[in-house]
Amino acid sequence: MEKHFYLGVGLLALLLIFGILAWVVMDAVHAPAEALLNRAAELALSGDMQTATALGRQAKSRWEQHRSVTASLADHAPMDDVEKLFAEMEVYAAAGESAHFAACCLQLSNMEKAMYDAHSLKLWNLL
């Protein structure tokens, strides 16, 4: 009986460690992308599409670079939506549609935030 207790405590500790690790990884991956996308939206609305496009592409590059890590930790349905929005963002950037580009960036920013919020270290996420 005592052996099962320690085994259970060890498994719970291991799950806690994995939960903390997932939180750290998701925060490191998605928080900077969210900031880039928010800044890109601001710049697009202020008329600086060249810098906004560069920031949007930088966020897309971060997404593609960390896609496998995100895929291993997150639900795949939002990932398809994020990729679709990045494709739309590129089309709006090429067309010079600053309002649509900014809206797309803000949607992407909200999705990035939702992804790392879903994996943040909160009691309801550990349950």
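Let's start with leucine 85: with a relative accessibility of 8%, leucine 85 counts as buried, where buried means under 20% relative accessible area, exposed means over 50%, and partly exposed is anything in between (1.4 Å probe, protein chains only). Leucine 85 sits in helix α4. Helices here are DSSP runs of H or I with at least four residues, strands are runs of E with at least two, and both are numbered from the N terminus.

Quick word on what we're looking at. This is a predicted model, so local features need pLDDT of at least 70 and side-chain atom pairs count only at pLDDT 80 or more, while totals for chains, interfaces and linings use all residues. Residues are numbered from 1 along each chain as its sequence is written, and side-chain values use heavy atoms, leaving out hydrogens and water.

Back to leucine 85. Which residues does leucine 85 contact, leaving aside its neighbours within four places in sequence? The list is Cys104, Gln107, Leu108 and Met111, with contact meaning heavy atoms within 4.5 Å. Leucine 85 and lysine 60 are 25 residues apart along the chain, and their C-alpha atoms are separated by 10.0 Å.

Okay, let's zoom out. The protein chain has 6 helices and 0 strands. Of its 127 residues, 31% count as buried. Now take the contacts in the chain with a separation of 6 or more: residues 24 or more positions apart account for 68% of those.

Next up, helix α2, residues 49–65. Which residues of α2 are buried? They are Met49, Ala52, Thr53, Leu55, Gly56, Ala59 and Trp63. These cover an arc of only 165 degrees around the axis, which puts them on the same side of α2; the arc is that of the directions from the helix axis to the C-beta atoms. On the other side of α2, Gln50, Glu64 and Gln65 are exposed. Here's a handy bit of background: an α-helix has 3.6 residues a turn, so residues three or four places apart point the same way.

Alanine 59 has 0% relative accessibility, so it counts as buried. Not counting residues up to four places away in sequence, alanine 59 touches Ala33, Leu36, Leu37 and Phe86. Alanine 59 and cysteine 105 are 46 residues apart in sequence, and 9.6 Å apart in space, C-alpha to C-alpha.

Now for helix α5, which covers 98–118. Its 21 residues should span 30 Å at 1.5 Å a residue, and the end C-alpha atoms are 30 Å apart, which agrees. The buried residues in α5 are Phe101, Ala102, Cys104, Cys105, Leu108, Ser109, Glu112, Met115 and Tyr116. They take up an arc of only 160 degrees around the axis, which puts them on the same side of α5.

How many disulfides does a search of the whole structure find? The count is 0, a disulfide being a pair of cysteine sulfur atoms within 2.5 Å. The sulfur of cysteine 104 is 6.4 Å from the closest cysteine sulfur, in cysteine 105, so that is too far for a bond. Cysteine 104 is buried at a relative accessible area of 1%, and cysteine 105 is buried at 0%.

On to aromatic pairs. The whole structure has 2 of them; rings of Phe, Tyr and Trp (its six-membered ring) pair if their centres lie within 6.5 Å, and planes under 30 degrees apart count as stacked, over 60 as edge-to-face and the rest as tilted. Phenylalanine 5 and tyrosine 6 form an edge-to-face pair, 5.4 Å centre to centre with 70 degrees between the planes. Phenylalanine 5 is exposed at 53% relative accessible area, and tyrosine 6 is exposed at 52%. Tryptophan 63 and phenylalanine 86 form a tilted pair, 6.4 Å centre to centre with 40 degrees between the planes. Tryptophan 63 lies in α2 and phenylalanine 86 in α4 (residues 76–95), so this pair ties together parts 23 residues apart in sequence. Tryptophan 63 and phenylalanine 86 are both buried.

Last stop, the core. The largest nonpolar core has 25 residues, and Leu37, Phe86, Met89, Phe101, Cys105 and Leu108 touch the most other members. A nonpolar core is a set of buried Ala, Val, Leu, Ile, Met, Phe, Trp, Tyr and Cys residues joined through side-chain atoms within 4.5 Å. Two or more residues come from each of α1 (2–46), α2, α4 and α5.

Definitions and conventions:
Expected span 1.5 Å × (residues − 1).
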